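User: Could you walk me through reading salt bridges and nonpolar cores in a model like this one?

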Amino acid sequence: FKSDGSVDMDCDVKVNYKSQEDFLPRFGIKFSTPLEFNKVKYFGYGPYESYVDKHNLSKLGIYSSTVDQMYEKYIYPQENGSHLDTQWMCIYNELGYGMLTTGEYSFNVSPYKASDIGKADYQKELGRSTENWVSIDYMMSGVGSNSCGPKLMEKYRLNHKDTKFRVNPRPININRSKYRG
């Protein structure tokens, strides 16, 4: 930790895949925030969700939303709401206090825990978490799969042998920063 409350998080990972077909679904960090941190502002692809293999409707820009609005209510609960090529993201409360994360990453915020989403067969089975969940990923593999079509193309797979990833979370009052605009 630095005196300004920021943290430089450096990850240097070497992965040993068992076969050439193996790849990671994602690599990054996940943490929770109190419910009061329910506003989100970011510079990345938006306003729609975007993945390495699914981002044609999204445009690079600055977007604002809430945690609940960023969750995509698919009929069958699944991974959703990621934003590709993000340069910075703030999650903050009504007074503007929160956390800013800078770097080059994909992120999503959710009112549900990933494990709860994975267990649910229908949206009505999901109960709102007592926290908000944030994922900041070096990269995610594409969301296309061969469940109802062809295998995920090689260029959309996270199968890097060596991965270096850096993010810098720090406290912020968005109302007193260059990120408020």
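User: How many salt bridges does a search of the whole structure find?

Analyst: Side chains of opposite charge can pair when their charged atoms come close. A salt bridge here is a side-chain nitrogen of Lys or Arg within 4 Å of a carboxyl oxygen of Asp or Glu. The whole structure holds nine of them. This is a predicted model, where local features need pLDDT of at least 70, side-chain atom pairs count only at pLDDT 80 or more, and totals for chains, interfaces and linings use all residues. Residues are numbered from 1 along each chain as its sequence is written, and side-chain values use heavy atoms, leaving out hydrogens and water.

User: Which residue forms a salt bridge with lysine 39?

Analyst: Glutamate 94 does, with the closest N and O atoms 3.6 Å apart. This pair links distant parts of the chain, 55 residues apart: lysine 39 is in strand S3 and glutamate 94 in the loop between S5 and S6. Strands (E, at least two residues) and helices (H or I, at least four) are DSSP runs, numbered from the N terminus.

User: And which residues have the most contacts inside the largest nonpolar core?

Analyst: In soluble globular proteins, nonpolar side chains tend to be buried together. A nonpolar core is a set of buried (under 20% relative accessible area, 1.4 Å probe, protein chains only) Ala, Val, Leu, Ile, Met, Phe, Trp, Tyr and Cys residues joined through side-chain atoms within 4.5 Å. The largest has 20 residues, and Val40, Met89, Ile91, Phe107, Val109 and Ile136 have the most contacts inside it. Strand S6 gives the most to this core, with four residues.

Definitions and conventions
Buried means under 20% relative accessible area, exposed over 50%, partly exposed in between (1.4 Å probe, protein chains only).
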